[in-house]
Amino acid sequence: MLDKAKMWTNQRNKELRDRAAKVIPGGMYGHQSTAILPDVYPQFFRRAEGTRLWDTDGNEYIDYMCAFGPNLLGYRHPSVEDAATTQQRLCDTATGPSEIMVELAERFVSMISHADWAMFCKNGTDATTMAMMCARAHTKKRKILAAKKAYHGAAPWCNPYVAGTVPEERAHMLYYEYNNPQSLEDAFRAAGDDVAGVFASAFRHDVFEDQELPTPEFAQSARDLCDRTGALLIVDDVRAGFRLARDCSWSTVGIQPDLSAWGKCIANGYPLSALLGSEKARAAAQKIFVTGSFWFQAIPMAAAIATLNQIQKTDYLERMEKTGAMLRSGLATQASSHGFSLRQTGPVQMPMILFDDDPDMRLGYGWVSEALTRGVYIHPWHNNFICAALTENDVKLTLEITDEAFAALKKKRATLGPVPQLAARFARLHDESLTAAR
Ligand code: PMP
């Protein structure tokens with residue numbers, strides 16, 4: 001444990017899970033359900049500050065999930081909190097938006113090279129769905145191309161699980177292989193002259209898979225195919241936005257999309273997402289009817305302006321790259337010294353950490369469980385996130401803990417059996433998964 005005097009316990013979490021099971025379907029839903037994580041993972045938390053999380057039993061964690069992305073600068077970052085508190089005294093949800101909405105749109109347009117306009121909403125799914133509608137309104141065509149296994153949200157057109165949806169909702173979706181120009185070209189051909197838009201994630205960050213940055217050839221081919229056919233190129237920067245660049249993530253490969261979808265960290269945890277677009281798509285954006293009761297909340301917009309200030313004026317990105325690199329090389333050395341082989345892929349500030357020779361994830365689950373009960377929260381099959389509040393000392397402390405976790409795993413290695421219920425948990429997901437059909 002981070003606090004050596006305290007023993008890790010999960011009694012309170014267990015009680016809350018039992019109560020939740022009665023009043024929340026499945027005890028929890030969507031990506032927040034820890035039912036498919038190792039059993040020791042807490043479901044509920046009480047406090048968050050900087051890089052740290054405290055669960056309901058008072059256990060402290062160095063948090064490498066950052067709320068699945070929204071925590072960019074550190075939980076409760078002082079300048080973001082100040083901006084939110086100041087705005088709270090004025091207005092939040094009101095009959096109309098606050099004047100700061102204009103300032104926020106101006107800030108995005110000045111920072112993001114491809115953007116000439118901005119629209120704000122709440123969740124990443126709102127932004128990607130708006131992008132999809134915008135592409136169809138612009139082209140008057142139907143087909144949307146997306147990479148196999150890529151996640152673009154939980155709306156029926158893009159939900160990776162089929163329960164509660166009908167095939168007709170995905171009738172105009174076609175799938176290509178990320179980073180494979182030929183596969184993208186084939187998808188265009190299969191769609192005939194009917195492609196409205198191409199979705200591409202900032203980089204390949206699919207669950208359970210090694211991550212891949214976009215190759216310049218792939219990004220260029222997506223741009224060329226869209227230009228040739230009139231389709232709109234959409235970069236989904238919901239997860240990776242501002243963790244790779246102070247611009248759209250595809251600026252790193254020199255390609256400007258027509259639309260980019262943002263969310264998660266743009267207000268450092270306050271609920272806000274955005275669709276940014278180029279001049280070409282402005283008329284279409286003006287036509288679609290999109291809205292929501294809480295989309296114009298002023299507090300998240302004030303928090304976003306404060307977040308963008310930090311992004312522009314500080315070395316937040318370079319610090320994340322430095323601590324991320326320290327963590328990656330430390331883990332690689334530790335793993336091999338304990339006789340394990342890790343695959344750490346993707347940008348260091350969004351690391352996917354998988355074990356070689358671990359088809360049923362017993363090593364991965366075993367190792368993250370050992371780390372968790374000692375005070376480090378790492379996800380076994382989703383990319384992790386580094387935030388700018390993480391210090392080199394935090395990484396050193398993390399590595400002390402992960403070293404103990406590798407040692408404990410090594411001791412148990414021979415006796416590790418299949419993770420209880422893991423096959424069933426994943427079978428459930430796979431049965432319902434669209435990926436098999438793609
Ligand atoms: N796109 C990507 C790449 C995402 O990672 C996510 C969320 N994980 C979404 C879209 C959907 O965002 P939200 O959950 O806020 O609707």
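Reader: How many residue pairs are in polar contact across the interface of domain 1 and domain 2?

Author: Start with pairs of N and O atoms that lie within 3.5 Å. In this predicted model, eleven residue pairs make polar contact across the interface of domain 1 and domain 2, both partners being at pLDDT 80 or more.

Reader: Which elements supply at least two residues of the side of domain 1 that touches domain 2?

Author: Three names to find: α9 (316-337), β11 (342-345) and β12 (352-355). Of these, α9 gives the most, with five residues.

Reader: What is that side of domain 1 made of, by class?

Author: Sort the residues into nonpolar, polar and charged. The side of domain 1 that touches domain 2 has 16 nonpolar, five polar and four charged residues.

Reader: How many salt bridges are there between domain 1 and domain 2?

Author: Look for a Lys or Arg nitrogen within 4 Å of an Asp or Glu carboxyl oxygen. The count between the two domains is two. Now a salt bridge to look at: R343 pairs with D210, and their closest N and O atoms are 2.9 Å apart.

Reader: How many residues of each domain are in contact, and what area do the domains bury between them?

Author: Take the contacts, then the area. Domain 1 brings 25 residues into contact with 20 residues of domain 2. The two bury about 1,800 Å² between them, with 58% of it on carbon and sulfur atoms.

Reader: Where do the domains lie in the chain?

Author: The domain assignment gives 11-68 + 315-426 for domain 1 and 78-314 for domain 2. Their centres, taken over C-alpha atoms, are 28 Å apart.

Conventions
Residues are numbered from 1 along each chain as its sequence is written. This is a predicted model: local features need pLDDT of at least 70, side-chain atom pairs count only at pLDDT 80 or more; totals for chains, interfaces and linings use all residues. Side-chain values use heavy atoms; hydrogens and water are left out. Domain bounds come from an automatic or database domain assignment. Contact means heavy atoms within 4.5 Å. Buried area is the accessible area (1.4 Å probe) that two parts lose on being put together, summed over both. A salt bridge is a side-chain nitrogen of Lys or Arg within 4 Å of a carboxyl oxygen of Asp or Glu. A polar contact is a pair of N or O atoms within 3.5 Å; within protein, one must be able to donate a hydrogen and the other to accept it, and residues adjacent in sequence count only if both atoms are side-chain atoms. Helices (H or I, at least four residues) and strands (E, at least two) are DSSP runs, numbered from the N terminus. Ala, Val, Leu, Ile, Met, Phe, Trp, Tyr, Cys and Pro count as nonpolar, Asp, Glu, Lys and Arg as charged, and the others, Gly among them, as polar.
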